[in-house]
2 protein chains.
Amino acid sequence: MSISANDPNRKTWLEIPENSDFPIQNIPFGVFLTRDDVITIGTRIGDYAIDLGALHQLGYFDGIPLTDDIFLQDTLNDFISDGKKTWRLVRNRIAKIFDENNTALKENDDHRTRVLFTLDEIEMQMPVQVGDYTDFYSSKEHATNVGSMFRDPDNALLPNWLHIPVGYHGRSSSIIPSGIPVHRPQGQTMPPEADTPVFGPSKRVDFELEMAFITTDANHIGEPIPVDEAEDYIFGMVIFNDWSARDIQKWEYVPLGPFLAKNFASSISPWIVTMDALEPFRTESPKPEKELLPYLKYTGKKSFDINLEVSLEPEGGSEETITRSNFKYLYWNMSQQLAHHTVNGCPVNSGDMMASGTISGSTEDSFGSMLELTWSGSKPLKLKDGSERKFIEDNDTVIMRGHCQNGQYRIGFGEVRSKLLPVYQPKKK
Amino acid sequence: MSISANDPNRKTWLEIPENSDFPIQNIPFGVFLTRDDVITIGTRIGDYAIDLGALHQLGYFDGIPLTDDIFLQDTLNDFISDGKKTWRLVRNRIAKIFDENNTALKENDDHRTRVLFTLDEIEMQMPVQVGDYTDFYSSKEHATNVGSMFRDPDNALLPNWLHIPVGYHGRSSSIIPSGIPVHRPQGQTMPPEADTPVFGPSKRVDFELEMAFITTDANHIGEPIPVDEAEDYIFGMVIFNDWSARDIQKWEYVPLGPFLAKNFASSISPWIVTMDALEPFRTESPKPEKELLPYLKYTGKKSFDINLEVSLEPEGGSEETITRSNFKYLYWNMSQQLAHHTVNGCPVNSGDMMASGTISGSTEDSFGSMLELTWSGSKPLKLKDGSERKFIEDNDTVIMRGHCQNGQYRIGFGEVRSKLLPVYQPKKK
């Protein structure tokens with residue numbers, strides 16, 4: 001079945017701002033609250049949010065096998081369960097509805113009013129109920145940097161790293177959409193030179209620039225997914241800020257891995273960009289440096305050329321870009337991650353989220369965390385307002401953005417923007 | 001509000017087998033499929049499963065604020081969200097309905113037929129949809145044993161262990177109820193003396209004897225739960241077999257913790273025994289060996305005296321007990337675990353599950369895993385049929401049981417029973 005929604009020549013009757021992340025070729029999926037306080041599933045074209053629930057009720061999806069209420073839900077999980085063929089039919093149909101040569105909706109004032117919202121009329125929600133969330137560790141540069149600082153510069157990369165797309169389980173309940181502020185976490189840390197831990201606000205709150213993919217129901221318990229089938233089960237991707245508290249992490253993470261250093265919050269961009277929309281931006285992964293076991297060997301191009309950047313905006317100041325990276329730097333790709341995750345029979349469901357791990361490049365201006373950018377605080381970043389940053393300070397806003405660009409068009413993710421608030425103060429009862 | 005359901009003098013008009021785990025003082029909650037292929041929420045008294053959906057429709061819960069469909073669901077999550085006061089009202093009412101002096105249901109043949117099932121007429125399901133699952137590591141004996149074998153006998157307990165109830169995130173999607181068999185997982189391992197990993201069936205499949213508690217909606221993101229309020233958010237407990245593949249674990253777990261070694265399956269006993277039912281069995285935890293940070297200091301008795309045992313049943317053979325332990329051996333209690341888990345603001349929801357970690361005692365016959373019982377395979381267990389076990393073999397069945405006993409009555413958990421099947425063979429297409 002062709003991905004006609006990707007036709008580079010298609011124009012839409014909606015007005016699209018120049019350099020928009022959301023041309024008619026994108027058509028991401030998300031969940032939003034409307035001006036009437038209704039939650040619906042929608043898409044975005046330019047600066048319009050489009051109510052797919054309303055479109056469906058008005059008959060615009062006739063002929064596609066969908067239940068009546070598939071878009072009248074507060075998560076995409078059921079739609080994602082419908083599978084790749086249905087996602088593609090719906091996305092292709094949306095492209096057609098908004099094609100400049102199609103007048104059906106364009107010239108129906110009543111329908112248009114019910115379907116189209118401006119961005120200030122809506123509030124983005126979590127797009128899925130995340131069943132399980134896994135965080136990988138797939139950037140060789142990041143793993144090497146962290147290994148150098150937390151352990152041993154001479155043996156920074158652990159022996160398993162080049163053989164296994166290393167990953168660990170994270171917390172689903174604290175994944176929140178762009179716009180929701182995050183409180184500085186408190187916790188136990190072991191101060192340098194001390195012999196007993198202390199309790200208090202983390203002094204090393206950090207972001208991690210990651211991307212995450214969202215799966216459909218992929219397998220039954222016991223059943224592995226072959227690496228070259230893995231993409232059939234990936235719905236799309238978001239940008240993922242894996243908030244981290246480095247001092248808490250350092251004290252707690254041996255031997256069972258990071259826990260409270262990570263699970264206070266992870267922030268995502270709210271529009272899921274489909275793998276179909278990313279299809280024109282396929283690219284090679286770095287060459288494996290060790291012979292891979294057969295279940296991790298794949299054919300074709302399985303990475304994607306996605307430009308990423310992080311900006312920091314101090315309270316009352318203006319934002320400035322502090323790092324630029326690219327998804328294609330990752331050593332392990334999503335197909336390998338999903339094949340590895342299920343090779344023991346672990347079941348993967350609709351709405352599960354798997355993040356890449358911090359995406360660092362090889363140069364100092366492409367590192368994906370403050371830990372790396374300031375080399376554990378030893379080389380503070382100088383901001384334009386004259387202030388310095390070792391880690392994230394209270395009331396700083398962190399903004400991550402990503403987009404693909406070829407000679408024909410741009411496909412973007414919008415942004416994930418979150419402000420770090422001071423430590424939570426209990427309300428008086 | 002009193003826990004009248006715990007009245008030790010109450011008798012029921014139902015016949016209860018001697019030494020039943022489920023006297024009228026227990027009243028656990030679970031979910032089952034009935035003979036009519038309907039899923040309902042129920043309780044168990046003796047060897048009867050009781051359909052709470054039917055009881056509610058027949059008016060037996062009148063006066064308790066419950067939605068009409070609260071028991072007509074395929075998970076307990078919504079009922080658990082109703083909170084402790086409601087759980088107690090319902091449990092007290094069930095005790096009254098089945099009290100030997102209450103003839104309303106006893107003498108109504110039609111109602112009795114609709115409400116009561118024998119165990120062979122039902123099939124137990126997962127009692128909750130697990131949102132997030134956390135596994136703690138709270139037995140000092142287990143942590144010491146594992147540290148000795150995996151790392152260094154002289155520094156077996158890591159420096160953070162006596163300060164932090166160490167825990168990590170696990171996989172929700174592979175938690176399954178008693179009775180569902182488990183396939184031997186495949187994965188990467190690094191053979192001793194080798195310099196490159198191999199792929200194949202795990203040769204060291206193990207059980208871990210644990211218990212888990214199930215929470216209600218406890219906090220909003222950002223908001224810690226004080227240690228002495230933690231019990232308000234705990235609905236009840238189950239026995240938890242945290243299946244493990246030791247060879248996979250050893251190769252993958254540094255630095256981010258166990259992943260595929262654990263997430264192929266965890267098996268639970270299907271009836272959730274409420275904290276109210278366990279109230280008479282409170283006991284002290286071991287004394288802290290280090291001064292605790294204030295957020296981990298609690299008042300009163302916060303552990304429970306629960307006898308635990310594991311049996312092994314070889315294919316075609318008879319079962320024999322291979323270890324006996326007790327929940328009270330755990331160094332860290334559930335209140336400390338929940339206070340720690342949320343001290344950074346991590347949100348906890350209804351249906352979340354938190355397991356204890358392997359519960360080992362101090363003697364060799366009270367260790368909670370084959371890894372410890374056979375000391376990493378160096379001292380195989382001799383079974384009555386003459387065979388030996390270093391780890392679990394294909395077609396072995398592992399059975400875990402637990403119960404409390406005082407001078408007045410016994411409260412038990414039933415069992416979690418699961419058979420280890422050989423490696424999964426893909427169905428031919």
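In chain A, one aromatic cluster is formed by F29(A), F61(A), F71(A), F79(A), W87(A) and F235(A). The model described here is predicted, with local features requiring pLDDT of at least 70, side-chain atom pairs counting only at pLDDT 80 or more, and totals for chains, interfaces and linings using all residues. Residues are numbered from 1 along each chain as its sequence is written, chains are lettered from A in the order in which they are written, and side-chain values use heavy atoms, with hydrogens and water left out.

Over all chains, the structure holds 36 aromatic pairs (rings of Phe, Tyr and Trp, the last by its six-membered ring, with centres within 6.5 Å; planes under 30 degrees apart are stacked, over 60 edge-to-face, the rest tilted). The rings of W87(A) and F235(A) are edge-to-face, because their planes stand at 80°, with centres 4.9 Å apart. W87(A) belongs to helix α3 (residues 84-97) of chain A and F235(A) to strand β14 (residues 234-241) of chain A, so this pair ties together parts that are 148 residues apart in sequence (helices, H or I of at least four residues, and strands, E of at least two, are DSSP runs numbered from the N terminus). W87(A) is buried at a relative accessible area of 6%, and F235(A) is buried at 1% (buried is under 20% relative accessible area, exposed over 50%, partly exposed in between, with a 1.4 Å probe and protein chains only).

Turning to the interface, 57 residues from chain A and 57 residues from chain B take part in the contact (heavy atoms within 4.5 Å). Between them, the two chains bury about 5,400 Å², 63% of it on carbon and sulfur atoms (accessible area, 1.4 Å probe, lost on putting two parts together, summed over both). Chain A and chain B share 4 salt bridges (a side-chain nitrogen of Lys or Arg within 4 Å of a carboxyl oxygen of Asp or Glu). R171(A) forms a salt bridge with D352(B), the closest N and O atoms being 2.6 Å apart. Among the elements giving two or more residues to the side of chain A that touches chain B are β6 (133-136), α6 (246-252) and α8 (334-342) of chain A. The largest share of that side, 4 residues, comes from β7(A).

In chain B, S285(B) sits in the loop between β18 (282-283) and β19 (303-304). S285(B) is buried, with a relative accessible area of 12%. Beyond its neighbours within four places in sequence, S285(B) is in contact with Y298(B), S303(B), L330(B), Y331(B) and N333(B).
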